[in-house]
Amino acid sequence: MGLLDNQRGLVFGIANDRSIACHIAKSLIGEGATCGFAHLPGEKNERRVRKALDGIGVAEPWLLPCDVSSDDDIDATFAATKERFDTIDFLVHSLAFADRTYLKAGKFPETPRDVFAQALDISAYSLIALANRAKEMMPKGGSIIGMTYYGSEKAIPGYNVMGVAKAALEASMRYLAADLGEHGIRVNTVSAGPLKTLSSMAVGGIDEIFNWVSQKSPLRRNIEAGEVGKTAVYLLSDLSSGVTGENIYVDAGYSIVGL
Ligand code: NAD
């Protein structure tokens, strides 16, 4: 018996085997869930996603190419999902993008308008766009999660416009939770401590952040991606049936430390 037996849903955001979404998928599948995997289009991307999924035992994944900055792509993804699953129970939003040129300490004031707009569109608006389509496929309710980081609340050197996008993502999560609650749909975010992935490597000074967290967090270590996967199982399963509009920290306690 798994906590997610007979549950079906979409996982957005696997790029490779390090992706948080890949670790989340592994945990969900381990609890009996069936997933479709939406990924950035492109042959090379698809190859890497297949390889990552093969590594967690998914030999024949159902892949959905989807650039979340395109409404047409999003609509096509949900149309295909409707055909295949009819209804879904969960959605995982584990994706973000910002031009790395501006993810360097001291560079935030130089953020151009188009870089700001793109970061907010892909990293935050997409949660709203996906949740709105998911709602139509969750007649009996469901659970939606997004991934965020502490740089939404505090100024972390180098996180810059991504911090602004994460603040927007978290606020969007709360408004979605407020409006979708009456449909039995819960929406939450997980604020993960730093993990080595393609995206985090684009943030200038990330190695210093890892060192700092391992010295200063209450648990005196960095987190493991599997710990985010376990929290995803909690949030997407009945274990968290009374929880919505929350941001849950999986950060070895780092966010509670004042000095
Ligand atoms: P990752 O690079 O493996 O994943 C980011 C994903 O975003 C990739 O799969 C990429 O293809 C996808 N993406 C980017 N632009 C897209 C678009 N236009 N359409 C569709 N997909 C697009 O890195 P990750 O660290 O696993 O990031 C996953 C999530 O976790 C992100 O929201 C990230 O901000 C968040 N997060 C990461 C960390 C960390 O330290 N790695 C910490 C906290 C939160």
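Q: Which polar backbone atom is 2.9 Å from an oxygen atom of the ligand?
A: In this predicted model, a polar contact is a pair of N or O atoms within 3.5 Å. Here the backbone atom belongs to Gly-13, at 2.9 Å from a ligand oxygen. A polar backbone atom of Ala-15 is 3.3 Å from an oxygen of the ligand. The side chain of Ser-199 also takes part, with an N or O atom 2.6 Å from a ligand oxygen.

Q: How much of the ligand's area does the protein bury?
A: The ligand alone exposes 810 Å², and 92% of that is buried by the protein.

Q: Which residues surrounding the ligand are the closest?
A: Of the 26 residues around the ligand, the closest are Ser-19, Ile-20, Leu-195, Thr-197 and Ser-199. By class, the shell comprises 16 nonpolar, eight polar and two charged residues.

Q: How many salt bridges does the structure hold?
A: Side chains of opposite charge can pair when their charged atoms come close. The structure holds seven salt bridges. One of them joins Asp-71 to Arg-133, with 3.6 Å between the closest N and O atoms.

Q: Why does this pair tie together parts that are 62 residues apart in sequence?
A: Asp-71 lies in helix α3 (residues 71-85) and Arg-133 in helix α4 (residues 113-136), so their pairing links parts separated by 62 residues in sequence.

Note on methods. Residues are numbered from 1 along each chain as its sequence is written. This is a predicted model: local features need pLDDT of at least 70, side-chain atom pairs count only at pLDDT 80 or more; totals for chains, interfaces and linings use all residues. Side-chain values use heavy atoms; hydrogens and water are left out. A residue is near a molecule or strand if one of its heavy atoms lies within 4 Å of it. A polar contact is a pair of N or O atoms within 3.5 Å; within protein, one must be able to donate a hydrogen and the other to accept it, and residues adjacent in sequence count only if both atoms are side-chain atoms. Accessible areas come from the Shrake-Rupley method with a 1.4 Å probe; for residues, only the protein chains shown count as cover. Ala, Val, Leu, Ile, Met, Phe, Trp, Tyr, Cys and Pro count as nonpolar, Asp, Glu, Lys and Arg as charged, and the others, Gly among them, as polar. A salt bridge is a side-chain nitrogen of Lys or Arg within 4 Å of a carboxyl oxygen of Asp or Glu. Helices (H or I, at least four residues) and strands (E, at least two) are DSSP runs, numbered from the N terminus.
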